[in-house]
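Hi,

Here is the structure I promised to pass on to you. Please have a look at it first, and then read my notes below.

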Amino acid sequence: MTNKQDQSFLEIIWDFFCSLKLAITTLILLALTSIIGTVVQQGKPAQEYIQEYGERVYRVFVALDFVDMYHSWWFLTLLNIFAINLICCSIKRLPRILKLVKHPVLTPDEKHYRRFANRDEFTVPVAVDRAGDRLAVFMRKHFAAPVVTARDGRTHLFAQKMAWARFGVYVVHLSILIIFAGAIIGSVWGYKAYVNIAEGTSTDKVWPRDSQNPIAIGFEVRCDNFEVTYYPGTRRPKEFTSDLVVLEGGREVLKKTIEVNDPLSYRGLTFYQSSYGPAGEPVFKLTVTERSSGRKLKFEAQRGEHIALPDGSSFAVSDYTDSYKSFGPAIQMHLNDKTGKHGNAFVVFQRFPEFDAQRGGAYSFAVDSFEQQFYTGLQVAKDPGVWVVWTGCFLLVAGCFSAFFLSHRRIWLTIEPAGDGSLVRVAGNAHRNQPAFEIFFEDFKSRLKEELTGRQTPESSPLPAVEANT
């Protein structure tokens with residue numbers, strides 16, 4: 001063991017980054033700080049934080065980078081320390097595993113056999129050369145093809161299965177580093193932006209949240225239609241959808257109706273449905289009944305617009321609401337006489353077209369419909385590292401499966417002369433799921449003895465398999 005006082009500065013740094021304690025500490029800190037990023041919403045406007053937490057708490061959040069913690073220096077530092085720790089641990093331990101797998105002990109001595117809990121030795125009345133041939137066939141049939149080595153009158157057999165399972169943990173390490181790389185790629189070369197598109201219009205720009213300078217996306221996105229449905233009896237939106245069209249050089253190349261959690265993706269950009277709002281003034285379609293003749297006249301009007309009537313008077317819509325108390329949509333309007341004198345305001349309900357007939361006067365009004373155009377609010381995300389992250393996730397699952405559920409198993413056999421027969425030593429080892437391997441080894445050992453004493457192992461009774469690690 002090297003005394004720490006004798007270590008150089010570089011050796012001390014190397015040991016620090018190879019430390020398992022450092023890995024555990026960093027993981028715990030990452031987990032704890034990630035809770036902050038989950039509880040405190042990230043990247044919101046300052047006003048929203050002040051409204052929810054108050055100005056003093058908001059200032060503390062800003063000082064600690066809690067409002068954008070995944071880009072903060074301290075969180076990135078933790079990630080970098082964890083990544084360096086993984087790399088150093090892998091570099092330090094990988095050569096030993098490579099040597100163990102690629103250059104196993106092929107001529108073990110007695111000391112080697114005493115290291116294993118699963119071992120045995122016995123004598124059989126069979127010559128060494130004959131016993132070696134029979135055991136090679138036996139191992140190939142019941143475990144794996146052995147490497148046979150003859151030295152100093154002894155015959156050594158070695159076989160192993162699932163040696164690659166040793167590398168599962170390194171695949172996990174690599175996958176985590178790939179995920180980190182994907183996140184960095186997305187952070188450096190990607191962006192998050194937003195855009196509002198009114199129905200019937202298109203745009204080829206989006207606006208990043210932290211800048212007023214638009215970003216050209218290289219193609220157009222058009223909103224053909226926006227629809228919103230409400231919960232019964234309320235104005236609380238139940239669902240809203242947008243019919244989007246992607247245009248390249250004026251040609252439609254992709255159409256999709258998007259809704260929340262079902263975005264549109266094109267050329268590395270993803271458009272998420274996030275909000276909506278009114279686009280311009282609504283158009284009211286009205287039916288005006290001339291009382292003297294019963295003639296019905298159709299008009300379209302916008303708020304504040306004065307519409308002339310046949311007798312020289314006029315009317316105008318001064319206000320509107322989607323829900324007037326419990327009576328549904330309604331408009332407020334007034335009449336001007338022939339001289340332009342402003343009359344008293346009155347309310348006309350869409351659901352009750354006969355209501356205004358009770359008011360009296362030369363004309364009665366009924367609302368046929370509101371035509372309100374909306375804009376669709378889209379969140380736009382560009383993340384060129386997303387496929388790198390997905391690759392890392394796939395490797396992470398494969399690596400965890402290999403590391404936790406598969407086992408590298410090895411068996412050694414040595415045969416040496418002993419009187420008129422041979423002395424047989426056998427030992428086995430598995431780096432996972434020791435109880436299952438112990439059961440397998442006991443059965444393997446008993447069948448081995450039967451083989452050397454001339455009795456055949458029944459085909460209908462194969463050796464028990466070593467089950468996945470539990």
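Let me start with the open sheet: 4 strands make it up, in the order β13-β14-β15-β16, and their pairing is antiparallel. At the edges are β13 (306-308) and β16 (346-349), each of which pairs on one side only. From one strand to the next, the twist averages 35°. Please keep in mind that this is a predicted model.

If you zoom in on β13, you will find 3 bridges that join it to β14 (residues 314-321), with the two strands running antiparallel. His306 has Ala316 in β14 as its bridge partner.

Next, strand β4, which covers residues 191-198 and has two contrasting faces. Tyr191, Ala193, Val195 and Ile197 make up the covered face, whereas Lys192, Tyr194, Asn196 and Ala198 make up the uncovered one. What does β4 pair with? There are 8 bridges between β4 and strand β18 (residues 374-382), and these strands run antiparallel. Here Ala193, from the covered face of β4, stands opposite Val380 in β18. Another 2 bridges join β4 to strand β5 (residues 202-208), again in an antiparallel arrangement. Tyr194, from the uncovered face, has Trp207 in β5 as its bridge partner. β4 and β5 form a hairpin with 3 residues between them, and Gly200 in the turn has a positive phi of about 85°.

Val221 is found in strand β6 (residues 215-230). Is Val221 buried or exposed? Its relative accessibility is 1%, so Val221 counts as buried, the cut-off for that being under 20%. Val246 is 25 residues from Val221 in sequence, and their C-alpha atoms are 4.7 Å apart in space.

Finally, the surface. Leu20, Ile24, Ile28, Leu29, Leu32, Ile35 and Val39 form a nonpolar patch there, with about 670 Å² of accessible area together. One of these residues, Val39, lies in helix α2 (residues 20-39). Val39 has a relative accessible area of 58%, so it is exposed, as the cut-off for that is over 50%. Val221, in contrast, is buried at 1%.

Definitions and conventions
Residues are numbered from 1 along each chain as its sequence is written. This is a predicted model: local features need pLDDT of at least 70, side-chain atom pairs count only at pLDDT 80 or more; totals for chains, interfaces and linings use all residues. Side-chain values use heavy atoms; hydrogens and water are left out. Two strands pair if DSSP finds at least two bridges between them. Axes are lines fitted to C-alpha atoms, for helices over the stretch in contact, and angles run from 0 to 180 degrees between N-to-C directions. Buried means under 20% relative accessible area, exposed over 50%, partly exposed in between (1.4 Å probe, protein chains only). Patches are made of residues with over 30% relative accessible area and no salt bridge: like charges are joined within 9 Å, nonpolar side chains (Val, Leu, Ile, Met, Phe, Trp, Tyr) within 5 Å. Accessible areas come from the Shrake-Rupley method with a 1.4 Å probe; for residues, only the protein chains shown count as cover. A salt bridge is a side-chain nitrogen of Lys or Arg within 4 Å of a carboxyl oxygen of Asp or Glu.
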